[in-house]
Amino acid sequence: MSTKKLTNKPETKPSKYFHVEFSNASIEKFTPTFGNTKARHLEFPFPVPKGSHLKGLVLRVSKATKVKYFVLRFWHNKKLKRLVLGIFKSGYGTREVNDKLYLLVKEHT
């Protein structure tokens with residue numbers, strides 16, 4: 001029998017594996033390791049303040065193409081929804097996503 005204490009909280013990995021800083025330089029340098037997972041995409045949240053308009057924004061990386069997408073995750077009618085805001089590339093980065101998301105939040109809240 002294990003001596004490990006049981007809790008309701010899921011185990012977490014070290015924070016460096018969980019999030020990416022919200023800057024063009026750190027997103028450009030970021031290369032995730034997919035390991036043994038069979039997932040086609042991995043999502044990495046950005047560390048933002050709780051009341052921020054960036055809440056729910058994640059960086060989604062494709063396993064096959066290594067393309068990085070900005071995705072907004074939100075709940076609607078008790079279901080998790082995802083809205084793709086764009087592909088990270090030169091000319092479309094954090095400033096453009098920030099402006100686009102600010103207008104979305106202003107319009108819908």
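Which residue forms a salt bridge with Arg-73? Glu-43 does, with the closest N and O atoms 3.0 Å apart. Here a salt bridge means a side-chain nitrogen of Lys or Arg within 4 Å of a carboxyl oxygen of Asp or Glu. The model you are looking at is predicted, and local features need pLDDT of at least 70, side-chain atom pairs count only at pLDDT 80 or more, while totals for chains, interfaces and linings use all residues. Residues are numbered from 1 along each chain as its sequence is written, and side-chain values use heavy atoms, with hydrogens and water left out.

Let's stay with that pair. Glu-43 sits in strand E1 and Arg-73 in strand E3 (residues 68-76), 30 residues apart, so the pair links distant parts of the chain. Strands (E, at least two residues) are DSSP runs, numbered from the N terminus.

Now turn to Arg-82, whose side chain meets that of Glu-43 in a salt bridge of 2.8 Å, N to O. Arg-82 belongs to strand E4 (residues 79-87) and Glu-43 to strand E1, so this contact ties together parts 39 residues apart in sequence.

Glu-43 also meets Arg-60 in a salt bridge, at 4.0 Å from N to O. This pair joins strand E1 (residues 41-45) to strand E2 (residues 57-62), across 17 residues.

Put together, Glu-43, Arg-60, Arg-73 and Arg-82 are linked in a network of salt bridges, and the count comes to 3.

How accessible are these side chains' residues? Glu-43 is partly exposed, at 21% relative accessible area, where buried means under 20%, exposed over 50%, and partly exposed in between (1.4 Å probe, protein chains only). Arg-60 is partly exposed at 22%, Arg-73 at 31% and Arg-82 at 45%.

Methods
Helices (H or I, at least four residues) and strands (E, at least two) are DSSP runs, numbered from the N terminus.
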